[in-house]
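Hi,

Here is the structure I said I would pass on.

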Amino acid sequence: MEALTLVNPNLVSDDDVEMLPDVKISGTPIKCAIIEIDKPTFNSQKKENDNFVLVRVDAFSCNYRDKAIILKAALKMQEGLNFQAPPFAFFGSDFVGTIMDKGELVTNFDIGDRVIPNCAFPEQPFPGVAPGVVTNEASKGWLRLHKSKLITIPNLMSDEIAAGYSIGGQTSTSMVRRVNIKSSERALVLSARSNTSMFIINNLLAKGIDTTILTTSEWDKEEKNLISSAKLIKVDKDDQNWKNIGKFDVVFDPFFDLHLEKAIKQLNTGGRYITCGYKNQHPNFQDKYDKYNVNNLHEIMLKVMINNISIIGNCIGTWEDLESSLDTFNPDNFIVPTDSKYFVEDGNKFIDKTYNKHGRLGKSVLIYKKY
């Protein structure tokens with residue numbers, strides 16, 4: 001199969017692969033190419049494969065965490081004649097795939113089943129199998145994975161939606177569950193156009209929660225219709241305080257380093273603040289607006305203490321969270337859109353749209369050809 005990869009220019013010649021135009025992430029050129037990946041050998045009779053399956057990736061997408069992974073790989077590859085860096089680097093942590101072969105002890109899947117990652121955390125899903133994100137290399141096209149790291153998806157879920165579903169669905173369900181929000185309470189969702197926030201909004205609106213969302217971006221009419229039962233408030237990136245937006249019982253925040261101090265000030269007594277990530281996962285991600293995000297620990301903790309506020313950190317979610325999210329999936333009222341889809345020959349455009357186009361709402365997805 002043809003697969004998208006990052007290329008080490010010191011070890012790979014342009015004649016060896018089908019190079020694509022460079023993309024820049026935080027000012028660093030990302031060299032990508034199309035390479036042919038053969039179906040790997042998978043002997044289902046071997047004991048070492050008893051609990052494993054061979055998955056063909058049909059489509060994948062990138063999360064914010066993949067941005068730092070891609071950038072670090074590219075910088076390492078460009079450090080002169082660095083033989084410690086590999087010739088190729090794959091990326092991507094959300095995908096949908098098809099079970100193409102399986103070991104003798106795999107009874108929860110059949111060949112031909114459509115699956116997505118089960119990133120359950122923090123409990124081990126199986127003895128000796130690490131919890132958390134299933135792969136950082138979905139773009140590789142073929143994956144040998146433990147049976148406990150996958151879950152089947154509803155027939156009504158398209159490949160485009162499934163390719164960007166796992167981490168958003170599992171994380172958002174966990175966050176809403178952990179704050180134990182009541183029907184009488186008010187919720188505030190920050191960075192509303194982020195994929196995780198859209199999943200949270202989808203979850204809250206399905207439960208009938210009074211939801212306000214904050215954004216620094218413009219939303220067109222069609223986008224506003226997706227979240228029409230929520231209140232949309234636009235703020236400026238350089239706002240040091242959010243005025244006149246009211247008080248809330250719960251704040252959901254995908255980027256604590258952008259919002260923590262300002263968010264804490266918007267909470268009622270006994271309120272809960274929950275976060276699942278941060279923006280500056282690499283020094284190159286810092287921008288001119290970071291100077292407005294002071295996050296003074298003294299001020300934060302004083303407010304937390306006086307108002308009995310809880311700060312909750314959340315990393316992905318449990319197996320049950322993902323199952324619950326899939327059980328309630330309904331394509332007719334699912335509000336998280338797919339922004340765009342690309343095929344492998346436009347892999348550079350896929351990366352550019354994912355990380356450089358700030359008007360994007362929903363994931364960009366790369367579709368692999370099925371042979």
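Below is what turned up, starting with a helix pair and moving on to some backbone details.

A word on the basis: this is a predicted model, where local features need pLDDT of at least 70, side-chain atom pairs count only at pLDDT 80 or more, and totals for chains, interfaces and linings use all residues. Residues are numbered from 1 along each chain as its sequence is written, and side-chain values use heavy atoms, with hydrogens and water left out.

Helix H3 (residues 166–179) packs against helix H4 (residues 195–206) at about 55 degrees, with the axes 9 Å apart. That makes H3 oblique to H4 (under 35 degrees is roughly parallel, over 145 roughly antiparallel, 65 to 115 roughly perpendicular, and the rest oblique). On the H3 side, the contact (heavy atoms within 4.5 Å) includes Gly168, Met175 and Val176, while Phe199, Ile200 and Leu204 are among the H4 residues they meet. The contact residues split into five nonpolar, seven polar and no charged, with Gly counted as polar.

Now the backbone. The Phe121 to Pro122 peptide bond is cis, with omega near 10 degrees, and Pro122 sits in the loop between strands E9 (114–117) and E10 (142–146).

Ser26, in the loop between E3 (23–25) and E4 (28–30), has a positive phi near 50 degrees. Ser26 is partly exposed at 31% relative accessibility (buried is under 20%, exposed over 50%, partly exposed in between, with a 1.4 Å probe and protein chains only). Asn180 also has a positive phi, near 50 degrees; Asn180 lies between H3 and strand E12 (186–189) and is partly exposed at 47%.

Cheers

Notes: Axes are lines fitted to C-alpha atoms, for helices over the stretch in contact, and angles run from 0 to 180 degrees between N-to-C directions. Helices (H or I, at least four residues) and strands (E, at least two) are DSSP runs, numbered from the N terminus.
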